[in-house]
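Thanks for coming. I will go through a few parts of one structure, and you can follow along on the screen.

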Amino acid sequence: MTRTIVVDPVTRIEGHAKISIFLDEAGEVSDARFHVVEYRGFEKFCEGRPFTEMAGITARICGICPVSHLLASAKTGDKILAVKIPPAADKLRRMMNLAQLTQSHALSFFHLSSPDFLLGWDSDPATRNVFGLIAANPDLARAGIRLRQFGQTVIEKLGARKIHAAWTVPGGVRSPLSEDGRQWILDRLPESFATVSLALDLFKDMLDKALKGEIDIFGQFPTLYMALVNSKGEWEHYDGHLRFTDSHGNIVADGLSEDDYSQFIGEAVEPWSYLKFPYYQPLGYPDGIYRVGPLARLNVCDRIGTDAADQELQELRDLAGGVPTSSFLYHYARLIEILACLEKLQILVDDPDVLSSRCRAQGGVNHLDAVGVSEAPRGTLFHHYQVDENGLIQKVNLIIATGQNNLAMNKTVAQIAKHYIHGPEIPEGLLNRVEAGIRCFDPCLSCSTHAAGQMPLHLQLVAADGQILDEVRR
Amino acid sequence: MSVNTLKIDGQDIAVEEGATILQAAREAKIPIPTLCYLEGVSPAAACRMCLVEVKGSPKLLPACHTAALEGMEVSTNTPKLQSFRRMNMELLFAEGNHVCAVCVANGNCELQDLAIRVGMDHSRFAYRFPDRKVDMSHPQFGIDHNRCILCTRCVRVCDEIEGAHVWDVAQRGEHCFIVSGMNQPWGKVDACTSCGKCVDACPTGAIFRKGSTIGEKERDREKLSFLVTAREKQQWTR
């Protein structure tokens, strides 16, 4: 008899999702699907609003990565105004995004994923969380929490609040960094460097030993990668151009502008998920599978451009023997990116421009169609607005990072399920591994369906005729 | 000049003849919440937030529009009034589309302040989510009818202070809305002098300067009464 195992919801991710694992007659996994079960409709209710409100509205999509939406929206607004923003604004926006990447990656690594590594895949689910981590390793937990606090506080120092700071606006930013804020960042940077160094050492050691096997099982397959790079081909998070590379490190497409995204990104729809399936158009669906986010950014760039992060990047490439293609290495990539962000923050905080009050350009409605792009913690984020001559939104399209990893997440779930699940007896720890395949991508489903919340895990064993054979609740 | 004496919340008060209950209360530093009332222009009694109880009157009376008469006994803050004001505020919120989080007036909004003051933490009434428009046709200003509470301050400042009479109220009942000119786009109304008094007068984020983002709306409301004093008394002091 064929069976379906449903993991609903997936825990320790941002948003609502479930996983279905389909078993064949022999009890072997035939397929697995990652369903995103939320629907939000942001694109619809933005219609009719002034484009100047869009940063504020779209930031509300998410409480974890509002900065990404603030930036993509403000950049789209810059284009509607047809202004080049002041250098101070460019640097200040970059600072906020670096802080955002730091805090979000710290959340993903320390709060959400590290309990699996440090407490064990099969440990008690009741304590396999950040609180269990605090009990088992209080110093590490404290350091991780403080690293996230560092990123959040930099955001607050810039934009007056940690979440949904209405600070990035079309034309620039509202205010520069204060001298007090600058000093606070300088004072806290050394501790943040120490934490990321500690985490890198710990994780690299585990990759050598306890987690060695996971690299080959958790989403190890070739795909394309997409991310922004700067004019020198270096790691980029805010501006620059788009590049696609393959799993051998070959550049598939380069110098792409976000304005033309519809020519190289297609969006497929499947009836079983609210999350669309973007693909690289020249290769069609589903062959055009590509990954975005921390690992993609590191794979796509020639180098990062800062000393310590470049050394770590080389170590990662050496470990993989070329281009790292395992989704499990997203965790590693996240730590390297935190290091890169801290190094780049160090450079920016010493730049006198970030204290300049000339940080907002003014303009009217000069373009009626504009696309903005930025690198969110989870990958490349596009905002596309069409406005009328008075600047009222006629149409919105948001292409979210998590969506672009949708094909890869499905493939990862299937790979893990096929490796671990054989027969009707499914220990909880194995299902946790399946969930962890999703956590590699740190998906933000609230964003990608343009909801939030978390419920206890609910598993169902469903027979082919729909009969529920077994049910487990956490 | 004759003087009337009355009791407000048990306090003996003497005011000039012709003063309203609201003016008498403010002189005595007794707070009465207001929303549509604006110093310098005529009262409209549109918002009903300043309703008070007057002994001997079977109904609640708007303090902004009721003369303070000799021997009156007025109560401004009874449980009945508190409950009424909160309900009134809930109805105001349920009627329009008020989303503070993304509003230009967030943090600087009389509707928001008053909701907090009367203790409104939710609305017991179902939100109507009306389909209302935003008019951004004026080169400097915009009007978002979603945020309009029909206080008519804009109508009164434009007519009584600026003398342009750009604004009016159209339709009846739940269909009421503020119109510019002959229900034209604001940018097409020749009478508008782009003085910005309506922006200063608006208690919410309904009328704002273009380009303003969340919480950026600033007002200079005292300018309105300054202009009136300057014109009527030839005194240019603030």
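Start with chain B, where the domain assignment gives domain 1, residues 3–77, and domain 2, residues 105–233. Keep in mind that this is a predicted model. The centres of domain 1 and domain 2 of chain B, taken over C-alpha atoms, are separated by 25 Å. Where these two domains touch, twelve residues come from domain 1 of chain B and 19 residues from domain 2 of chain B. On the domain 1 side of that contact in chain B, nine residues are nonpolar, two are polar and one is charged.

One residue of chain B deserves a stop. Asn183(B) is not a glycine, yet its phi is positive, about 55°. For background, most residues other than glycine have a negative phi. Where is Asn183(B) found? Asn183(B) sits in the loop between β9 (177–180) and α5 (197–201) of chain B. Is Asn183(B) buried or exposed? Asn183(B) has 11 other C-beta atoms within 10 Å, so Asn183(B) is exposed.

Now chain A. Its division is into domain 1 (3–40 + 424–473) and domain 2 (84–220 + 327–361). Their contact takes eleven residues from domain 1 of chain A and 13 residues from domain 2 of chain A. The domain 1 side of this contact in chain A has three nonpolar, three polar and five charged residues.

Chain A also touches chain B. That contact takes 15 residues from chain A and eleven residues from chain B. On the chain A side, helix α2 (residues 54–59) gives the most, with three residues. By class, the chain A side has six nonpolar, six polar and three charged residues.

Next, a helix. Helix α11 of chain A, residues 307–320, has 14 residues and reaches 20 Å from its first C-alpha to its last, close to the 20 Å expected. Which residues of α11(A) are buried? They are Ala309(A), Glu312(A), Leu313(A) and Leu316(A). Seen down the axis of α11(A), these buried residues fall within an arc of 105°, so they line one face of the helix. They pack against α7 (179–208), α10 (294–300) and α12 (330–349) of chain A. The face of α11(A) turned away from the buried side carries the exposed residues Asp307(A), Gln314(A) and Asp318(A). Just after α11(A) comes Gly321(A), with a positive phi of about 70°.

On to a sheet. Four strands of chain A form an open sheet with mixed pairing, in the order β8-β7-β6-β11. Opposite Leu224(A) stands Tyr290(A) in β11(A).

Two loops remain. Pro286(A) is in the loop between β10 (277–280) and β11 of chain A, and a cis peptide bond, with omega about 5°, joins Tyr285(A) to Pro286(A). Most peptide bonds are trans. Ala160(A), in the loop between α6 (138–159) and β4 (168–169) of chain A, has a positive phi near 75° without being a glycine. Ala160(A) is partly exposed, with 13 other C-beta atoms within 10 Å.

Note on methods
Residues are numbered from 1 along each chain as its sequence is written. Chains are lettered from A and ligands numbered from 1 in the order in which they are written. This is a predicted model: local features need pLDDT of at least 70, side-chain atom pairs count only at pLDDT 80 or more; totals for chains, interfaces and linings use all residues. Two residues are in contact if their C-beta atoms, placed from the backbone, lie within 7 Å. Ala, Val, Leu, Ile, Met, Phe, Trp, Tyr, Cys and Pro count as nonpolar, Asp, Glu, Lys and Arg as charged, and the others, Gly among them, as polar. The expected span of a helix is 1.5 Å times one less than its number of residues. A residue is buried if 20 or more other C-beta atoms lie within 10 Å of its own, exposed if 12 or fewer, and partly exposed in between; C-beta atoms are placed from the backbone. The arc is that of the directions from the helix axis to the C-beta atoms. Domain bounds come from an automatic or database domain assignment. Two strands pair if DSSP finds at least two bridges between them.
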